[in-house]
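Please take the sequence and the model together, and follow the explanation below from one contact between chains to the folds within them.

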8 protein chains.
Amino acid sequence: MSDLEQILQQVRAGKLAVDDAMVQISEVQHQTIESTTIDHAREQRTGTPEVIYSEYKTPQQVLKAFELILGNGNNTLATRLQPEASELLLDRIEGVVCVPEAQIAYKKLTEPECPATHIGVITAGTSDLSVAEEAAITAEFYGNIVERVFDVGVAGVHRLFSRLEVIRSCRVLIVVAGMEGALPSVVGGLVDKPVIAVPTSVGYGAAFQGIAALLGMLTSCASGVSVVNIDNGFGAGFLANLINRL
Amino acid sequence: MSDLEQILQQVRAGKLAVDDAMVQISEVQHQTIESTTIDHAREQRTGTPEVIYSEYKTPQQVLKAFELILGNGNNTLATRLQPEASELLLDRIEGVVCVPEAQIAYKKLTEPECPATHIGVITAGTSDLSVAEEAAITAEFYGNIVERVFDVGVAGVHRLFSRLEVIRSCRVLIVVAGMEGALPSVVGGLVDKPVIAVPTSVGYGAAFQGIAALLGMLTSCASGVSVVNIDNGFGAGFLANLINRL
Amino acid sequence: MSDLEQILQQVRAGKLAVDDAMVQISEVQHQTIESTTIDHAREQRTGTPEVIYSEYKTPQQVLKAFELILGNGNNTLATRLQPEASELLLDRIEGVVCVPEAQIAYKKLTEPECPATHIGVITAGTSDLSVAEEAAITAEFYGNIVERVFDVGVAGVHRLFSRLEVIRSCRVLIVVAGMEGALPSVVGGLVDKPVIAVPTSVGYGAAFQGIAALLGMLTSCASGVSVVNIDNGFGAGFLANLINRL
Amino acid sequence: MSDLEQILQQVRAGKLAVDDAMVQISEVQHQTIESTTIDHAREQRTGTPEVIYSEYKTPQQVLKAFELILGNGNNTLATRLQPEASELLLDRIEGVVCVPEAQIAYKKLTEPECPATHIGVITAGTSDLSVAEEAAITAEFYGNIVERVFDVGVAGVHRLFSRLEVIRSCRVLIVVAGMEGALPSVVGGLVDKPVIAVPTSVGYGAAFQGIAALLGMLTSCASGVSVVNIDNGFGAGFLANLINRL
Amino acid sequence: MSDLEQILQQVRAGKLAVDDAMVQISEVQHQTIESTTIDHAREQRTGTPEVIYSEYKTPQQVLKAFELILGNGNNTLATRLQPEASELLLDRIEGVVCVPEAQIAYKKLTEPECPATHIGVITAGTSDLSVAEEAAITAEFYGNIVERVFDVGVAGVHRLFSRLEVIRSCRVLIVVAGMEGALPSVVGGLVDKPVIAVPTSVGYGAAFQGIAALLGMLTSCASGVSVVNIDNGFGAGFLANLINRL
Amino acid sequence: MSDLEQILQQVRAGKLAVDDAMVQISEVQHQTIESTTIDHAREQRTGTPEVIYSEYKTPQQVLKAFELILGNGNNTLATRLQPEASELLLDRIEGVVCVPEAQIAYKKLTEPECPATHIGVITAGTSDLSVAEEAAITAEFYGNIVERVFDVGVAGVHRLFSRLEVIRSCRVLIVVAGMEGALPSVVGGLVDKPVIAVPTSVGYGAAFQGIAALLGMLTSCASGVSVVNIDNGFGAGFLANLINRL
Amino acid sequence: MSDLEQILQQVRAGKLAVDDAMVQISEVQHQTIESTTIDHAREQRTGTPEVIYSEYKTPQQVLKAFELILGNGNNTLATRLQPEASELLLDRIEGVVCVPEAQIAYKKLTEPECPATHIGVITAGTSDLSVAEEAAITAEFYGNIVERVFDVGVAGVHRLFSRLEVIRSCRVLIVVAGMEGALPSVVGGLVDKPVIAVPTSVGYGAAFQGIAALLGMLTSCASGVSVVNIDNGFGAGFLANLINRL
Amino acid sequence: MSDLEQILQQVRAGKLAVDDAMVQISEVQHQTIESTTIDHAREQRTGTPEVIYSEYKTPQQVLKAFELILGNGNNTLATRLQPEASELLLDRIEGVVCVPEAQIAYKKLTEPECPATHIGVITAGTSDLSVAEEAAITAEFYGNIVERVFDVGVAGVHRLFSRLEVIRSCRVLIVVAGMEGALPSVVGGLVDKPVIAVPTSVGYGAAFQGIAALLGMLTSCASGVSVVNIDNGFGAGFLANLINRL
């Protein structure tokens, strides 16, 4: 029985004055919106209530947030983890898994239901590995099976063709590329699945820390391509999970 | 029997030299990739082989392309239509439907299968109407049912809440906004569905023809949001259809 | 009796030649403009004659400026304090208060008059804390009571609603946000008070060190919002004090 | 008696089931937020429920919006009015006032209460006149008395000094400037009142349609200065009214 | 016998004083550098002394320049020709050839020697046609045979593969693309010839009038690619001719 | 006898109270700064009190300003003149001189004193002519003799060398260039005179309306070069006159 | 005998069913495209199969890649080498050559055929040395003879003239410049050979890490100039080798 | 007797064949241009042949350059000196003067002639000190007397007025400012002397490392102002010397 229902029952039973009920409903309503409708829904559907973005946090803050979420009985994920925070988690959270090349740490208490379809993570070059792994491990954390197709950039486009079968078998594709960011356009022209493009800050000079790749992906001549922020592997993995569970 | 099979049969039968077979296979392979695998697939899955982007074409070029695609027995869609091209199509293509406020024209020969789930198109203000309609009509052209939730921008965020039920009932959401482009962040925090954000070039001064909205959407603090090019209503509608059919 | 009056009295008494008086008046006039009209006014109204911006100063320079202003009997405030300068001040100025997370140090000799109305400081996320505290402590330094409403960003907009009463009770609001900087738009649509928006350099990729937030705030679809420089918590606190004392 | 109170009374009286009450409360709550709390408040406090931004609207759309707001018994204001829309309003709305140089039209049904203090509008050059008048007339529309101090840019800073008395007599100042946008810094250093800086798109070359002025104002070395969007005279006038009524 | 030799002979013969010779040599040297070494060389090697860039010239100025160069017995080429200038040339220069879609006019008096190898001009889409034709006709004007491979953009990369043989048969390739500008990367990975990339201003939104394509080409992950200015078809054709004649 | 002296005399004579004298002095001081010191000085030294920048003015406003300045007995100059304003001036101001290619009109009542030394105006190409003439005619308006050295851009640097003698004979040089803006660097390396560089908005694509030239000039590897705004021929001519009169 | 030929022989001999052959051909075809056609061609023509871009790799990764390529019997080149990687290579690869100022290491097993013509590498200043040496050593690694013409920037353009003979003797020119990047324009106007311009990130302030030079080179008024990415010495050397071998 | 004259004498005397003379003249001519005309002129007129820009040089390279120039008997100046280079110079060059806050070192062998007029160096704030001193010491190195007017920024414009007399006594003014860079506009409106504006990279957020100040100075509403690169104190001092010596 919800809080709102309880209040109404009390009003009906004459145990609560109308004026007092109005104040209580106002408070409960917010809690309702806050906790139940939105956060609880998020928890039940995606398997975790919140993710810890560690970049602007001290190791202690990361640890505290990790313990808090874990303590609520949730699977817990921390991204953009600095080495010090990583060590602290390893030291203090039993059973935590740290993936340094993806700057990720996580601990699962329950295994999320695994969708039948797969998510593909494709990279242009080995330099995009870190962002790609952030995306892949995020998707796996939420219970998906991930197909990795790495180092198939457009300067050697034949490499992509030899992997076309596995690419086409996925339900949604994450394409990670730096420099000119052309790979999502090529992939988008070869499949009929949603393509999530992730520009990376890899490259020098006119790459401008990912701007060249970002603009290239936004202006892609292929339909079915959408873009997330530069280096935002987590966002891509999170979105791919949403789509894969539809 | 495929071309490749025929060649091999001829080799087996000794009617074709190995050298000549190698040349023929190379040619056939390309045709295979070109026509069958990719283009035919596109046709069968999305309901249309190609879309006419009219912005850089003369009215005559648009008409010609329209007739060509239609002549192949396909449903046909033209976007970014200038008034002259629109008039020419109305004059020459019987049964064409023109939607001036979306700058779109289309003609359907067959009705695509209609998915059970809906696509939501949400706008921040009335100025975003044209781009939003481009997205909505594109999605409808591909056979989807579209829920329109217009003029619910963040400066009056209560308007959004009163429409939350219909928004949450959709399988995928297109959120169209200019100026600061904040609406996708708010929507993304209220739903657990994929959000396709479309920045528009609406606004003046520091809006910089959509750059402010674009950056705002890319850096959205809500997960589950991805972005297409500025004013790219078609791209959003196309992608939403892909996702809605998964 | 002012210097100008003294000179004129001397002229009247015949103790000073007209020519010499003209030279003296020219000199005094500058001092008048310089010290009395402007600086003295500033002192009397805001409670401090000048603030020390420490970012480009050595610890010694900061200390010297601090002692100088304090020595004139003024309440003294230093912002953007590096740790070394902070330590030096703690070591050398008795009774100085250092707030590391806001990079601020101050010492009050007299308590400024406290306005009856409050200033609200609202943040989108915990990463904006440092800038928000710079704003809040500045406002407090000038004698205001500050209401802190932290971590109510638009990706979970319900958090904002549950704090609406306290927000609406303030006379002027400072809204601090990084990434897409959408919070001032939402707040501006819910209140009829001036909103001072502070973009922060929090975020990565297309956040471009605060440019995304800055553009988002400048193009806000809500009226009543104005913007200060990226990370300029001091400027927002100073302005809020001016408005709160009107 | 509010809707919420009525529902609770019905629950208490046993006339309404708890389940039905929960649905009704949810609906009422939204309506409450939507209509009463926010929009009605806006109307009562600022004297107008909404302003028509005409730039992206056809003359007919502007007319229709004007009639709608006016029909609700409200004072009505339209900004960024194109000549055709202006003519249509003059032709169809009796008693409408059009100010072509400010691209504004308005009609007042009731005169808003006039604050005792004044708002100052200061411009650097005659080229900033249009934006300055948009600000000034907006402030006057909301019932304020405006002091205009025009053409006192920093290249002849003495002009500013001769008007200092009237400038200092205002409660809040709007400073409008294009090109290098230096005037707000100079004014901000001479007064202890809030300064709202409006960059204009006046200038050529490296003025970049107002970017130079915008950056200059954001990085102003004077405290107490905040900035609105380029050419946003309305926003400045609206905010000045908010502050002047505190 | 050169001018310098003549002066020296006169000095030797005692007909010219050393002092006078020094002045004369100084003057001649400049003429030598100016006319002979550089301009004459240009004429003899490339087949034309100068090209008329018409964009900032009136039709009369274009005509005058055309007649002047032609009058010196040179093959003459004008680029970026506006329709009025085109009509004037057609009216006044007998035998002039105008190519409206490339905005080019030319007249050849002598046919340049034709290199045995070909130049390839490849485009991503039909919208790049105008710039591609400017490049192709420029190359042809200088006597080269051009292979046109149009509309083979990366969103349908199989189209490119079916034309690979002709592409690989060329000695130098011009690749013209707008939007994300990814085609040169793909081509550069398939050939071992110099690739001259030409970004076009085709596209909308984040294409930023060719900036996206330009950055994409500059950061190409394929080696052997260099870039000319946005829409600079002439520059690409000119350079390709230089390379094809090596 | 100055106003200040008069007041002091009156104080001495006991005709004026000290209090009243203080108010009067404050007023007089401002007038002194305003009219005499600054404006009169400007008039006497540069030969004109003010210049009319016509770009944002109507023809009537230009005419009125022209008549006002002329009526005060001053030589009068209007820049950035649109054709309509030009015609109006020709029609109404007897003896006005209009130079359409420089968008300038002027009338001299008295001939300014002519310095013995000359000002050089150098351009890279014929497209820079308009800005160069604005600079040259401005310099001539103020009484200087101008040496024009046009069309000597760096792509044919020998043209510059043949004019080196006249260039070196000038006291100050204005160098006007668009596109890559390299000419001031070359000139700056050949002379020991101040070089005023004027970037022009000539060029396409990556010229970005003069940004390429502006950046090139600011980063010039030659010393002695300073830069004015894009297309600011007037500013260069004005500054050159200042320097030539030192 | 190729794999494809073997399969066909087996089909002819009846040893392989047509169905099985079709599967095998599909697989082989990819390998064919991948290994033979493209990579083998690259090897045979340019003398190396791949180059190691070291910037985003650990010393161990660089070493491993180096050994792999070398182990296949290829000449091996690593660019953008950090000191640690350099030391590791020197320690572990016998006979490796490290060039610290060019951040390059290489080892040749066979000496590539040396073209008769030379490649010129020209720099504006000594600060461009590192990028220029990356270009020069790359060109030499591929077997070319390189003429170095260093420190001949446009601020002392006479230095360039004294080296003109050697410059004109080269078949293709690499011109390296930072700051305003004007040197390629001047060189391009003096020769009739392809000029590859390399902007460097040398300079401060408005040089913007090479943007000024990049824009200057893209908008060069000289024909025959194309541009590679900022600081991309390797790319220029690679392209020059391609051209020199045509 | 010049080299050219010697050759001609030898030709006249029959000691040198005309052919050989032509080759020798060509070589000599370059030397003439190179050494005599330009470099010698620079030396004689400005008092130093070249200045060492140390930012991209190792301490050893700086030392070597210093010794070389000094060894030729010239006054020697090094700018942008890092501490290590500074120490090395102090250790190895007897009598060298190092000014750490200006990052400058110099040694004078002869004192340049001192012009009668002075150069003014004005700064907005204490943070601009380093750049201002670079300018001032450069000007002094070339023999000028410098008036320093520091910390008179526009937020307290009265400070500027009290120093107006000394400012107006200078022949040329260098105005150094960061943040909004408004000071040159104010100064330019108060004097009739050339103003050289130096933007500094001081400031945060929207100051964008000097871009705000740079744009503000370029678009200054005051005439007589020109701009050098961000932080380019040397360039301003060098140019001021050129002007002061005219």
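Across the interface of chain A and chain B, 4 residue pairs are found in polar contact, both residues of each pair being at pLDDT 80 or more; a polar contact here is a pair of N or O atoms within 3.5 Å, where within protein one must be able to donate a hydrogen and the other to accept it, and residues adjacent in sequence count only if both atoms are side-chain atoms. This is a predicted model, in which local features need pLDDT of at least 70 and side-chain atom pairs count only at pLDDT 80 or more, while totals for chains, interfaces and linings use all residues. Residues are numbered from 1 along each chain as its sequence is written, chains are lettered from A and ligands numbered from 1 in the order in which they are written, and side-chain values use heavy atoms, with hydrogens and water left out.

Between chain A and chain B the count of salt bridges is 0, a salt bridge being a side-chain nitrogen of Lys or Arg within 4 Å of a carboxyl oxygen of Asp or Glu. On the side of chain A that touches chain B, α2 (18–46), α9 (211–218), β9 (225–227) and α10 (233–244) each supply at least two residues, and α10(A) gives the most, with 5 residues. By class, that side of chain A holds 14 nonpolar, 7 polar and 6 charged residues. Helices (H or I, at least four residues) and strands (E, at least two) are DSSP runs, numbered from the N terminus.

The contact draws 27 residues from chain A and 27 residues from chain B, contact meaning heavy atoms within 4.5 Å. Together the two chains bury about 2,600 Å², of which 68% lies on carbon and sulfur atoms; buried area is the accessible area (1.4 Å probe) that two parts lose on being put together, summed over both. In chain A, the residues that lose the most area to chain B are D192(A), L218(A) and L246(A), together 24% of what that side buries.

Within chain E, strand β5 (residues 118–123) and strand β6 (residues 145–149) pair in the parallel sense over 5 bridges, where pairing requires that DSSP finds at least two bridges between two strands. One of these places is G120(E), whose bridge partner in β6(E) is E147(E).

In chain H, an open sheet of 4 strands has the order β1-β2-β4-β3, with mixed pairing. Its edge strands, β1 (52–53) and β3 (97–99), each pair on one side only. β3(H) runs antiparallel to strand β4 (residues 104–107) of chain H, joined by 3 bridges, and V99(H) has I104(H) as its bridge partner in β4(H).

Definitions and conventions:
Ala, Val, Leu, Ile, Met, Phe, Trp, Tyr, Cys and Pro count as nonpolar, Asp, Glu, Lys and Arg as charged, and the others, Gly among them, as polar.
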